[in-house]
Amino acid sequence: MENSVSGFSKFTKAEKIDWLIANHFQNNPKAKADLERYWNTDEVLQKLHDEFTENTISNFYLPFGVAPNFLINDKMYVIPMTIEESSVVAAASNAAKFWMERGGFKAEVLSTTKVGQVHFMFHGAFSELEALFKTIKPQLFEETKAITKNMEARGGGILDIALMDKTEKLSGYYQLHTTFETKDAMGANFINSCLEQIATTFKSCSKDIQVVMSILSNYVPDCLVRAEVSCKVDALATNTYTGQEFADTFLQAVRIAEIEPYRAVTHNKGIMNGVDSVVLATGNDFRAVEAGVHAYAARSGSYSSLTHASIEDGAFKFWIELPLALGTVGGLTGLHPLVKTALELLGKPSAKELMEIVAVAGLAQNFAALKSLTTTGIQQGHMKMHLLNILNQFEANATEKIHLIEHFKTHTVTHSAVVEAIENLRA
Ligand code: HMG
């Protein structure tokens, strides 16, 4: 096939770039220069990044920001956030400041159980399989001892292995549904290693067992954290709204997200602005978190809001429950220098404490978005933060930026208004 390549993975980094530039960039030297411009001059650091993943040819920067003033369980935090979208860090900081003055966030880990499954086929009698499983179960634990020894010393390990009959949904399909406690590790590698050993032991005892695959589940509804804010309704008053007006409209916005999937998806996207940016900054797997969180949001059969709110006896309460499998040891946490910085900034939290922080970031983000949506509208604040991006897009110089930022302190930022202002200034 035209432009196909064999053995690309074995090329050196320079050879990979040369091949790409010749075959996909018409030998344009600027394309090569752009890739090289993002290399780190510290060769040791660059090599570290090259080796995180495969076929690396450059680095892709995301901003590493911080949101101060988070009071969580009576302790102050500055939360690191890795995100490219303007107004997210500002919104988190804004909500943090707002709630710091109203008692702060309360967060609590409700459970920490993770799950992995050996999926297999068996077409004999269920009673026979059940008897076999009962006999071999102690051996399944025994033969994973070499893998679980260190985790057990830390207080974790395999919690249970259960035989699940799934034949109603798929003929001959069963699982060894295995639950784990992985303490401060996210546990993916630990869980998968245990599962593969369990599968090997299990299938060795009957030729009628056909193992399909052994893998952790990123759905972790029993690895759950809850975060909450509350205050007197009157304490929510703004310059334009009474506390009651604000709380009532806010509550309606949450109710709409609870019952209307189109709105719930956007509502939860706003929550994930906060969640993902902290998950990413702390070197955790945001794809796993995303998949698990959205499955949780759809657990009733209809996709719904991750946050909830109530007004009772003059008190406003707003809370979130999130399934989060996070680690503060292992994976990138000990490798990526900025991840180490992020964890240090958070005071080297345990995985449980990090779950609390991440849930709070999600709740804060949702509060800021709903506060804007139900009062000024989202564009006012968001576009104020986006102004610099538009100015950069039009290559505004330093003097132009100063002038236009001043101008838009008293004018509404829209894309066309910024373009017009730049044109007027340049004319
Ligand atoms: P404001 O009240 O105009 O801000 O809010 P301010 O200038 O008065 O400053 C007040 C505080 O806000 C500051 O305190 C900061 O904490 C923070 P200070 O530092 O002065 O003591 N703040 C900032 N922090 C860092 N950098 C900044 C900055 N500016 C203010 N430049 C703000 C402005 C944008 C914060 C507010 O309008 C807001 O929270 N808007 C919501 C923005 C948002 O949610 N963005 C997410 C992207 S939109 C989206 O993807 C999700 C969405 O679709 C979800 C949904 O539909 O639910 C909306």
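Predicted model: local features only at pLDDT ≥ 70, side-chain atom pairs only at ≥ 80, totals over all residues.
**Figure 1. The largest pocket and its lining.** The largest pocket has a volume of about 1400 Å³. Its lining comprises 38 residues, and Phe-52, Gly-283, Leu-332, His-336 and Val-339 lie nearest the centre. Two or more lining residues come from each of helix H3 (43-52), helix H7 (188-203), helix H9 (261-281), helix H10 (286-297) and helix H11 (337-345). Helix H3 provides the largest share, 4 residues. By class, 19 residues of this lining are nonpolar, 17 are polar and 2 are charged.

**Figure 2. The second largest pocket, between domain 2 and domain 4.** A volume of about 900 Å³ is computed for the second largest pocket. Of the 35 residues that line this pocket, Ala-91, Ala-368, Ala-369, Ser-372 and Ile-378 lie nearest its centre. The elements that give two or more residues to the lining are helix H4 (88-100), helix H9, helix H12 (351-373) and helix H13 (378-393). Helix H12 gives the most, with 7 residues. The lining divides into 12 nonpolar, 17 polar and 6 charged residues. Because domain 2 (64-110 + 222-376) and domain 4 (381-426) both give residues to the lining, the second largest pocket lies between them.

**Figure 3. The largest cavity and the residues that line it.** The model holds 2 cavities of 30 Å³ or more. The largest cavity has a volume of about 50 Å³. Its lining is formed by Met-186, Asn-218, Val-220, Ala-288, Val-289, Gly-292, Pro-323, Leu-324 and Ala-325. Helix H10 supplies the largest share of this lining, 3 residues. In the lining of the largest cavity, 7 residues are nonpolar, 2 are polar and none is charged.

**Figure 4. The second largest cavity and the residues that line it.** The second largest cavity has a volume of about 30 Å³. Lys-114, Val-115, Met-186, Ile-191, Leu-216, Ser-217, Asn-218, Val-220 and Ala-325 line this cavity. Strand S4 (114-121) and strand S7 are the elements that give two or more residues to the lining. The lining of the second largest cavity contains 6 nonpolar, 2 polar and 1 charged residues.

**Figure 5. Ser-206 in the loop between helix H7 and strand S7.** Ser-206 is located in the loop that runs between helix H7 and strand S7 (210-217). The relative accessibility of Ser-206 is 14%, so this residue counts as buried, the cut-off being under 20% relative accessible area. The Ser-206 side chain reaches the backbone nitrogen of Asp-208 at 3.0 Å.

Definitions and conventions
Residues numbered from 1 in each chain as written. Heavy atoms only, no water. 1 Å grid on protein atoms, 1.4 Å probe; cavity = no way out; pocket = protein on both sides within 12 Å on 5 of 7 lines; lining within 4 Å. Points joined across faces, edges and corners; volume = space filled by probe spheres on them. Nonpolar A, V, L, I, M, F, W, Y, C, P; charged D, E, K, R; others polar. Domains from an automatic or database assignment. Buried < 20%, exposed > 50% of the residue type's maximum accessible area, 1.4 Å probe, protein only. Polar contact = N/O pair within 3.5 Å; in protein donor to acceptor, adjacent residues only side chain to side chain.
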